[in-house]
Amino acid sequence: MRILVLGGTGFLGSHLVDALLARGHEPTLFNRGQTNPQRFPGVTTIHGERDPQIGAGLTGLRERSWDAVVDTSGYVSRIVKASAEMLAPVVGLYVFISSRSAYQTAADIGADESAPLATLEDPTTETVTGETYGGLKALCEQAAQAAMPGRVANIRAGLIAGPGDPTDRFTYWPVRIARGGEVLAPGDPNGPVQFIDARDLAAFLVAVVERGLHGAFNAFGPAEPMSMSSMLEACKRGAAGSDATLTWVDQKFLLSQNVKPWSELPLWIPDSPADAGFMRSSNAKAVAQGLAFRPVEETARDTLAWFAAQPDAATHAWKAGLTPDREQSILEAWHTLETKKAET
């Protein structure tokens, strides 16, 4: 099949192109040529801008046709609308990479794809922030559907992990555990976690294209409920030889130390009614259509190997996770508190 990938050389995009090539498909990439431009030297690449108001915009896509398009780089509805409307006459299926954040609420445990989507007070905004991201993704979904009714698959992914992750949100954990010693583990050991290896997501995207699936799919794992404790132990198995020990620090204390959930301690969200379903959403629909997951220890091992091979591994400027000094400071304060409790 001839597949157009909007993006294709970033994190998820690279894994997607690898998966397409492995299945014998013929990908074409459309991007600005700024991220990893030599990543796929043998693959047809068209340079241009997603925003039709910048330079030549989408003109490089004219007078061509594909069986499907996978949009890995859409964040603003106006821009998704432009590409979807241009491609509607010449593409059979539009696969849009959306987000778990596109839902209106994270309060409902077990929510599936029928849950209401987020809305924005100002639907014309094009500023992507933590507050607008989900609503913008929902508007992008709607823009694609309006341009290609009945021919859109909206893939609502959660946190994406694995080799090449530019966010550090999962990478922090296997790297920290591989470093060994006392590791600050957040909140309730039984607290749920949901995420997906980029390679598993890429394989599902290929299946969606090959089977011509449409509609919305929650694309995150694991297949069975997983706790934070199980995830961290899997990271330890993936970091062969690590002597790491986990010290569980309760959420009330972490919040009193002004620890930022999700960013300073990735995959940790404090237990609250508003977020009760954030890591407990249903992925049954996607699993029924072939979404499958590799063991977490494999994701951890491969992420470690990729990270160690980076030229800046020793001096890496982390985008997520606690610095060693801050982690040590919090652990010391926690142990002091626990000692005082034991003495009273």
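Modeller: Two strands count as paired if DSSP finds at least two bridges between them. The model discussed here is predicted.

Biologist: What makes β1 and β2 a pair, and how do they run?

Modeller: 5 bridges join β1 to strand β2 (residues 26-31). Pairing needs at least two, so the two strands are paired, and they run parallel. Within this pairing, Leu4 has Thr28 of β2 as its bridge partner.

Biologist: Which strand is joined to β1 by 4 bridges?

Modeller: Strand β4 (residues 66-71), which runs parallel to β1. Val5 stands opposite Val70 in β4.

Biologist: Why is strand β1 called largely enclosed?

Modeller: Buried means under 20% relative accessible area. In β1 (residues 2-6), 4 of the 5 residues are buried, so the rest of the structure largely encloses this strand.

Biologist: What kind of unit do β1, α1 and β2 make?

Modeller: With helix α1 (residues 11-22) between the names of the two strands, the three make a right-handed β-α-β unit. Right-handed is the term if, with the strands pointing away from the viewer, the path from the first strand over the helix to the second runs clockwise.

Biologist: How do you know that the span of α3 agrees with its 15 residues?

Modeller: Helix α3 (residues 133-147) should span 21 Å at 1.5 Å a residue, and its end C-alpha atoms are 21 Å apart, so the two values agree. Its buried residues include Gly134, Leu136, Cys140 and Ala144. Among the elements covering the buried residues of α3 are α2 (77-87), β5 (91-99) and β6 (152-157).

Biologist: Why is Cys140 counted as buried?

Modeller: Its relative accessibility is 0%, and the limit is under 20%. Cys235, also at 0% relative accessibility, counts as buried for that reason.

Biologist: How many disulfides does a search of the whole structure find?

Modeller: The search finds 0. A disulfide would need a pair of cysteine sulfur atoms within 2.5 Å.

Biologist: Which residues of α9 are buried, and what puts them on the same side of the helix?

Modeller: The buried residues of α9 are Val296, Thr299, Ala300, Thr303, Leu304 and Phe307. They cover an arc of only 130° around the axis, which puts them on the same side of α9. In general, an α-helix has 3.6 residues a turn, so residues three or four places apart point the same way.

Biologist: What covers the buried residues of α9?

Modeller: The covering elements include β7 (159-161), α4 (172-179), β9 (192-197), α5 (198-211), β11 (221-227) and α6 (228-238).

Methods:
Residues numbered from 1 in each chain as written. Predicted model: local features only at pLDDT ≥ 70, side-chain atom pairs only at ≥ 80, totals over all residues. Heavy atoms only, no water. Buried < 20%, exposed > 50% of the residue type's maximum accessible area, 1.4 Å probe, protein only. Arc of directions from axis to C-beta. Contact = heavy atoms within 4.5 Å. Expected span 1.5 Å × (residues − 1).
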